[in-house]
Amino acid sequence: MASTASASNHFEGRKVNSRVVLETKTDKKILPIKGARNVLITSALPYVNNIPHLGNIIGSVLSADVFARYARARRYNTLYICGTDEYGTATETKAIEEGISCQELCDKYNALHAEVYQWFDIGFDYFGRTTTPQQTQIAQEIFLKLNQRGYLMEDTMVQLYCEKCSRFLADRFVEGTCPKCSYQDARGDQCDSCGQLLNAIELVNPRCKLDGNTPITKESKHMFLDLKKLQQETEKWVEKTSVEGNWSPNGISITQSWLKEGLKPRCITRDLKWGTPVPLEEMKNKVFYVWFDAPIGYLSITANYTENWEEWWKNPNDVKLYQFMGKDNVPFHTVIFPSSLIGTGGEWTLLHHISTTEYLNYENDKFSKSRNIGVFGNSAKDTGIPVAAWRYYLISSRPESNDSMFTWKEFITKNNNELLANLGNFVNRVIKFASAKYKGIVPTYSIGEQEQQLIALVNTQLTSYVNSLENVKLRAGLESAMEISRQGNHYLQESKLDNSLFDNHPERCGTVIGVALNLIYLLSALFGPYMPSTSDSINRQLNTPSRDIPDVWTMDIEAGHRLGKAEYLFKRIEDLKAEEFKENFGGANKGSTSSKSKDKKANRKQSKKPTPPVL
């Protein structure tokens, strides 16, 4: 922790309580500390073959980032890792479509993902990828251990085979009609309409995505994870951990539906070339199925970050694992992946808390790159709207219990009426007044009855904020932070801060400014997880180092502290821009989703080209 004295050597005029100052991040590898609160955070590994849209971003990486930044500000020993999921059919499909090799595709999109997340201020401790030697080694070791302990079985599987391509068609090389809901563009592994997990053989009227040909059925030998044998132990773990870890309601309900139906052996190999090789001689031409392989990516990505990765992943007594994802990924993280680790007999760091989201839709439609509907990660910055506004809106609209809808009208309203009018107004008013009337020096202040009332109100909301974030209720935490800012504005109004107060009641005016500046310093910490660039701006204006998130609010900027230069936190977005953005990003009265779906199907039937992959 930096001391006040050492901080003053670098920042002239600082008078800040050194006990609240956060340590500066170093290049030293983060490893668990015995006796400390060690928090391991992952967000669902994004498929490498596409550009994430706003729903993808809020569903995993942004939500995890908010929690990771909160944990660090609470001084928890925190590691946040993620990376691109690069193996599997989806990659092969996209590579064929773009006319490049799988590796070239992975290199291209890994860089694009990293660029998008960097712009969104996602603060990974390490962002990696699954196409590494560490992935092969760890995945094969887990597979062989499961095989040795009798949790794998060989069986013959009837698969779809395209005679025109001369190849077995893995899940994403097939599409057809969903047998559950009759959606005509279901994938071979999952229906995007009803969410049902499928085997390609179950599709009605299947077709090859490469050439549109109708495939035949053919037998192929594969390895299966015998989940039935693992159900009792997995159920026992779920029953205990879902309570201890306070899982989200949809995480619990989705998991319970799987367990109630009864776990069945699940195929974990595929007839593909692009993937982790199966380490059995008789299956040397097969690879692991992506949903057996991909979650192991959390381990291998950590292994690429540090050779001491097992200190995080084989340390259940000292490490708590928090995982963030959309609801469609739940069963892979609460059933299949934990069962795979349990089956090895090892001491693994299993899931503690799962935070899931419903779907974020766009202007009464679904995000669609092919139809140019919605905002994707690489185009958000082209709007000229700062990243803080995007992060604020996405978290405030986070679909925690129900689907939510992105609308430009609401986006602009939240920016202007909440960020600008509330937080921006409070910070700018106080710092400009202090700069003009006190020459940027914090005046002498004292704590009177009105300040005691404010402190009590702030501490009530601060307790709510901490409780919300501890339970990964990100939206509620943001609401508490905004309420504290509202209380700050109310304090200024009640105190009648103006030139008259400065001229006629200088002591009172000094107290109002001194206390308000301290409240702004607290707000810099509370908004840090949500809008780090805003927190940075506040600290520049206050001339303060980044601070922790406390349990109670104290006065930590002393009289005589020299402030920095005032700057605007936010800028107004004109209401008329909503229609312009709709024109650019879709949603401007271009017909309903159902009519578009019909047009899409009609176009597909008329076209001889294969349908672009639904990714």
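## The overall build

How many helices and strands does the protein have? In this predicted model, the protein has 22 helices and 16 strands. Its radius of gyration is 27 Å, close to the 25 Å that the globule rule gives for 615 residues, so the protein is as compact as a globular protein of that length. If you picture a box around the C-alpha atoms, laid along the principal axes, that box comes to roughly 90 × 55 × 40 Å.

Of the 615 residues, 58% count as buried. The protein exposes about 26,300 Å² of surface, and carbon and sulfur atoms supply 48% of that. The chain also brings together residues that sit well apart in sequence: take the contacts between residues at least 6 apart, and 78% of them join residues at least 24 apart.

## A buried histidine

Is His333 buried or exposed? Buried means under 20% relative accessible area, and His333 has 1% relative accessibility, so it counts as buried.

## Two loop residues with positive phi

Next, have a look at two backbone angles. Asp121 has a positive phi of about 60° although it is not a glycine. You can find Asp121 in the loop between α5 (102-119) and β3 (126-129). Its relative accessible area is 22%, so Asp121 is partly exposed.

Asn364 is also not a glycine, and its phi is positive too, near 60°. This residue lies in the loop between β15 (360-362) and α13 (377-380).

## Closed spaces inside

Rolling a probe the size of a water molecule over the atoms shows where empty space is left. In this protein, the count comes to 4 cavities of 30 Å³ or more. The largest cavity holds about 60 Å³ of space.

Which residues line the largest cavity? They are Tyr47, Tyr87, Gly88, Thr89, Ala90, Asp171, Arg172, Asp189, Tyr289 and Val290. Sorted by class, this lining has 5 nonpolar, 2 polar and 3 charged residues.

## An open pocket

The second largest pocket contains about 1,500 Å³ of space. Its lining is made of 42 residues, and Leu22, Glu23, Thr24, Lys25 and Arg72 are the ones that lie nearest its centre. By class, the lining of this pocket has 18 nonpolar, 11 polar and 13 charged residues.

The largest share, 4 residues, comes from α20.

Definitions and conventions: Residues numbered from 1 in each chain as written. Predicted model: local features only at pLDDT ≥ 70, side-chain atom pairs only at ≥ 80, totals over all residues. Heavy atoms only, no water. 1 Å grid on protein atoms, 1.4 Å probe; cavity = no way out; pocket = protein on both sides within 12 Å on 5 of 7 lines; lining within 4 Å. Points joined across faces, edges and corners; volume = space filled by probe spheres on them. Nonpolar A, V, L, I, M, F, W, Y, C, P; charged D, E, K, R; others polar. Rg over C-alpha atoms; globule rule 2.2 N^0.38 Å. Buried < 20%, exposed > 50% of the residue type's maximum accessible area, 1.4 Å probe, protein only. Contact = heavy atoms within 4.5 Å. Areas by Shrake-Rupley, 256 points an atom, 1.4 Å probe, with all protein chains shown as cover.
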